[in-house]
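Could you walk me through this model in my viewer, one selection at a time? Please tell me what to click on next and what I will find there.

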There are 2 protein chains.
Amino acid sequence: MKLIQIYQCFCDPTRLRILHLLTQTPLCVCHFQDALGEAQVKISKHLAYLRARGLVATKRKGNWIIYSLPARRSAELDANLECLQDCVSSAPIFRRDLQRLEKLQASCCEPAGVLALEHS
Amino acid sequence: MKLIQIYQCFCDPTRLRILHLLTQTPLCVCHFQDALGEAQVKISKHLAYLRARGLVATKRKGNWIIYSLPARRSAELDANLECLQDCVSSAPIFRRDLQRLEKLQASCCEPAGVLALEHS
DNA sequence: TGACGACATACGTTGACAGGTATATAGAGT
DNA sequence: ACTCTATATACCTGTCAACGTATGTCGTCA
């Protein structure tokens with residue numbers, strides 16, 4: 001049951017924060033590290049978890065690996081991501097993540113991560 | 001984070017089926033047993049799990065214990081239950097659960113379970 | 001080719017949870 | 001008081017996931 005995998009991915013705070021950022025823009029690992037303030041291993045393993053279940057897609061860009069929501073998503077995933085957005089928009093942790101992300105914009109892997117939308 | 005608990009509850013197939021039935025009507029344990037075709041222990045433990053996290057409420061009625069969605073629900077819970085409904089309405093397992101439930105209606109704990117809506 | 005940076009993976013530990021078997025509780029009816 | 005029925009809980013086992021530490025991989029650039 002595909003739905004179950006979605007909920008399994010959703011039931012960890014770190015993964016929820018990751019997915020929340022991804023609904024805004026594709027990102028490389030170091031952006032997640034900085035925006036969430038978590039260790040590289042932790043981020044990397046949660047991303048692998050999400051990837052194994054098809055909730056995120058990857059694309060290499062030089063030294064960096066850009067994570068994004070998959071281009072073609074199931075109706076279930078779209079519905080739940082939207083629902084997540086609604087539930088989360090007011091929560092302080094998620095707002096803070098977003099704010100920190102915005103302050104990073106051009107720092108780390110340059111425009112690569114944040115502007116990947118236009119390039120792809 | 002309350003949201004996490006919702007997703008934790010949602011990430012097991014049996015619990016998902018239970019919640020799906022509860023969006024239709026309050027039910028006693030034996031109704032779940034029959035509709036889902038699962039053992040009493042299994043149902044009972046998943047109900048306890050849901051109850052511990054506030055996703056369901058209970059009410060004693062003679063020999064039976066009626067489970068229902070809590071009267072006052074958080075916005076998050078409501079949103080996710082609605083989303084679940086949308087995702088699940090076409091899935092065969094869930095349809096089958098509902099059909100089996102309908103055939104049980106007046107059998108087990110009489111009107112107690114299914115009609116609890118009107119009594120409360 | 002060698003070093004460095006970004007990211008992934010192996011390994012070990014710990015804790016949570018799913019499932020089953022067996023047993024307890026609690027109300028109803030006799 | 002005893003019994004029956006509905007439901008819950010204790011205990012055990014296996015699995016999986018979270019986290020940290022250490023190490024591997026793979027591009028890039030000199």
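This is a predicted model: local features need pLDDT of at least 70, side-chain atom pairs count only at pLDDT 80 or more; totals for chains, interfaces and linings use all residues.

Next, colour the surface near DNA strand C by element. From chain A, helix H3 (29-36), helix H4 (40-52) and strand S3 (64-68) each supply at least two residues, and so does helix H4 (40-52) of chain B. H4(A) has the largest share, with six residues. Switch to colouring by residue class, and this surface divides into 11 nonpolar, seven polar and three charged residues.

Now move to where the two protein chains meet. Select the 14 residues of chain B that are in contact with 14 residues of chain A. On the chain B side, helix H1 (2-10) and helix H5 (75-88) are the elements that give two or more residues. H5(B) gives the most, namely six. By class, this side of chain B holds 10 nonpolar, two polar and two charged residues.

Last stop: the sheet of chain B. Show its three strands, and you will see an open sheet in the order S1-S3-S2 with antiparallel pairing. Strand S1 (27-28) and strand S2 (57-61) are the edge strands, each pairing on one side only. Zoom in on S2(B) and strand S3 (residues 64-68) of chain B, which pair in the antiparallel sense over five bridges. To finish, pick B:Lys61 and look across to B:Trp64 in S3(B), its bridge partner.

Note on methods:
Residues are numbered from 1 along each chain as its sequence is written. Chains are lettered from A and ligands numbered from 1 in the order in which they are written. Two residues are in contact if their C-beta atoms, placed from the backbone, lie within 7 Å. Helices (H or I, at least four residues) and strands (E, at least two) are DSSP runs, numbered from the N terminus. Ala, Val, Leu, Ile, Met, Phe, Trp, Tyr, Cys and Pro count as nonpolar, Asp, Glu, Lys and Arg as charged, and the others, Gly among them, as polar. Two strands pair if DSSP finds at least two bridges between them.
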